[in-house]
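Q: Please take a close look at the ligand site. I should like a connected account of its surroundings and of the packing behind them.

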Amino acid sequence: MEMTNNQFFLTSVEKFVRWAQKSSIWPLTFGLACCAIEMMNLVSPRYDMAQFGAEVFRSTPRQADLMIVSGRLSNKMVPVIEQVYRQMPDPKWVVAMGACASSGGIFDNYAIVQGVDEVLPVDIYVPGCPPSPDAVIYAVLKLREAIASGQAHGGVMRA
Ligand code: SF4
């Protein structure tokens, strides 16, 4: 965006849409394990994700554009998470929160998916066990940057 001498903003429709998308991220209410407790903290007064316009956790995937996978994903849950992801409208983004969601964590066994990127297109990985809410907020800020710059298109599901 640029300001002219007459105080008009000039921008493209694409940039304007990306600005709107990054400024109003709506996360899905979806927790899998202990990391979800820290995810809930995001909207507490202490962390206050509202200051970044991303506090409106939605209970239906049809109104959400960010899935924060908070916890380990079991093989049994794969069809469920895939269906929920498909129900989210495009564009949509995925954050893998914590060691379990990113890589299976300490659960190196047959029951746990060794990273949600085996089934979903992950945009941002957050390390930690569990990550602090600050770390997740940092991930959301990085996601906002990626959306604004056009690097995070969202919504490309792996076959
Ligand atoms: S990363 Fe740690 S806190 Fe998060 S789900 Fe795994 S074991 Fe629980």
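A: A residue is counted as near a molecule or strand when one of its heavy atoms lies within 4 Å of it. The structure is a predicted model, in which local features need pLDDT of at least 70 and side-chain atom pairs count only at pLDDT 80 or more, while totals for chains, interfaces and linings use all residues. Residues are numbered from 1 along each chain as its sequence is written, and side-chain values use heavy atoms, with hydrogens and water left out.

The shell around the ligand consists of Ala33, Cys34, Cys35, Gly71, Arg72, Ala99, Cys100, Gly128, Cys129 and Pro130. Classification takes Ala, Val, Leu, Ile, Met, Phe, Trp, Tyr, Cys and Pro as nonpolar, Asp, Glu, Lys and Arg as charged, and the others, Gly among them, as polar. On that basis the shell comprises 7 nonpolar, 2 polar and 1 charged residues. The cysteines raise the matter of disulfides, defined as pairs of cysteine sulfur atoms within 2.5 Å; the structure holds 0 of them.

Buried means under 20% relative accessible area, exposed over 50%, and partly exposed in between, with a 1.4 Å probe and protein chains only. Cys100 is buried because its relative accessible area is 13%, whereas Cys129 counts as exposed because its value is 68%. Cys129 is also joined to Pro130 by a cis peptide bond, with omega about -10 degrees.

Secondary structure places these residues in context. Helices (H or I, at least four residues) and strands (E, at least two) are DSSP runs, numbered from the N terminus. Pro130 lies in the loop between S5 and H5. A cis bond also runs from Asp90 to Pro91, with omega near -5 degrees; Pro91 belongs to the loop between helix H3 (78–87) and S4.

Contact here means heavy atoms within 4.5 Å. Ser70 is found in strand S3 and is buried, because its relative accessible area is 0%. Not counting residues up to four places away in sequence, Ser70 touches Phe30, Gly31, Leu32, Ala33, Cys35, Ala36, Met39 and Met97; among the ligand shell are Ala33 and Cys35. Gly31 sits in the loop between H1 and H2 and is partly exposed because its relative accessibility is 46%. With neighbours within four places in sequence set aside, Gly31 is in contact with Ala36, Met39 and Ser70. The C-alpha atoms of Gly31 and Ile68 are separated by 7.8 Å, although these residues are 37 residues apart along the chain.

A nonpolar core is a set of buried Ala, Val, Leu, Ile, Met, Phe, Trp, Tyr and Cys residues joined through side-chain atoms within 4.5 Å. The largest such core has 22 residues, and those with the most contacts inside it are Ile25, Leu42, Leu66, Ile68 and Leu143. At least two of its residues come from each of helix H2 (35–40), strand S3 (66–70), strand S4 (93–97), strand S5 (124–126) and helix H5 (133–149). H5 gives the most, with 7 residues. A second, separate core of 19 residues includes Met67, Ala96, Ala101 and Leu120. In soluble globular proteins, nonpolar side chains tend to be buried together.

The expected span of a helix is 1.5 Å times one less than its number of residues. For the 17 residues of H5 this gives 24 Å, which agrees with the 24 Å between its end C-alpha atoms. Its buried residues are Pro133, Val136, Ile137, Ala139, Val140, Leu143, Arg144, Ala146 and Ile147, and they pack against helix H1 (13–23), H2, S3, S4 and S5. After H5 comes Gly150, with a positive phi near 85 degrees.

Apart from its neighbours within four places in sequence, Leu42 is in contact with Tyr47, Asp48, Met49, Phe57, Ile68, Pro133, Val136 and Ile137. Asp48 lies in the loop between H2 and S3 and counts as partly exposed because its relative accessibility is 32%.
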